[in-house]
Amino acid sequence: MVAVKTHKPYLKGEKRGEYKRILGNLKQGEWVDVPADDIHRARGTLYMLFPNPLDRITVKINKDVYRIWRAPIGD
């Protein structure tokens, strides 16, 4: 038995950098809802923009939506 993992296609055009624009403009205490299909891309961008774990919060709202906060704490 062989496990096969399929990856989402590489983003091109207008969609490329979408989460970098969205999450880069978050102010402390603000949040954005992200579809579950894109949470890996959004989290990767979040960790790149805010490497301090105290600056970010990710919570699963339901099976289809995650909420990402820019935490009001940290340096």
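Ile 57 is partly exposed, with a relative accessible area of 37%. Here buried means under 20% relative accessible area, exposed means over 50%, and partly exposed lies in between (1.4 Å probe, protein chains only). The place of Ile 57 is strand β2, residues 56-62. Strands (E, at least two residues) and helices (H or I, at least four) are DSSP runs, numbered from the N terminus.

This is a predicted model: local features need pLDDT of at least 70, side-chain atom pairs count only at pLDDT 80 or more, and totals for chains, interfaces and linings use all residues. Residues are numbered from 1 along each chain as its sequence is written, and side-chain values use heavy atoms, with hydrogens and water left out.

**Overall layout**

The protein has two helices and three strands. From the N terminus on, the order is α-β-α-β-β. The C-alpha atoms fill a box of roughly 45 × 30 × 20 Å, taken along the principal axes. Of the 75 residues in the protein, 23% are buried. The accessible surface comes to about 5900 Å², and carbon and sulfur atoms hold 56% of that surface. Areas come from the Shrake-Rupley method with a 1.4 Å probe; for residues, only the protein chains shown count as cover.

Contact means heavy atoms within 4.5 Å. Among contacts with a separation of 6 or more, 49% join residues 24 or more positions apart.

**Strands β2 and β3**

Strands β2 and β3 run antiparallel and are joined by six bridges. Two strands pair if DSSP finds at least two bridges between them. A hairpin links β2 to β3 through two residues. Lys 60 stands opposite Tyr 66 in β3. Tyr 66 also touches residues beyond its neighbours within four places in sequence, including Val 32, Ile 39, Arg 43 and Thr 58.

With Val 59 and Ile 61, Ile 57 makes a nonpolar surface patch of about 210 Å². Such patches use residues with over 30% relative accessible area and no salt bridge; nonpolar side chains (Val, Leu, Ile, Met, Phe, Trp, Tyr) are joined within 5 Å, like charges within 9 Å.

**The core**

The largest nonpolar core has eleven residues, among them Tyr 19, Leu 46, Phe 50 and Tyr 66. α1 (18-24), β1 (31-35), α2 and β3 (65-70) each supply at least two residues of this core. The largest share, three residues, comes from α2. A nonpolar core is a set of buried Ala, Val, Leu, Ile, Met, Phe, Trp, Tyr and Cys residues joined through side-chain atoms within 4.5 Å. In soluble globular proteins, nonpolar side chains tend to be buried together.

Arg 41 lies in helix α2, residues 39-49. Arg 41 and Tyr 19 are 22 residues apart in sequence, with their C-alpha atoms 7.5 Å apart in space.

**The salt bridge**

A salt bridge is a side-chain nitrogen of Lys or Arg within 4 Å of a carboxyl oxygen of Asp or Glu. By this rule the count is one. Arg 67 forms a salt bridge with Asp 33, and their closest N and O atoms are 2.6 Å apart. Arg 67 lies in strand β3 and Asp 33 in strand β1, so the pair ties together parts 34 residues apart in sequence. Side chains of opposite charge can pair when their charged atoms come close.

| Residue | Relative accessible area | Class |
|---|---|---|
| Arg 41 | 26% | partly exposed |
| Arg 67 | 21% | partly exposed |
| Asp 33 | 39% | partly exposed |
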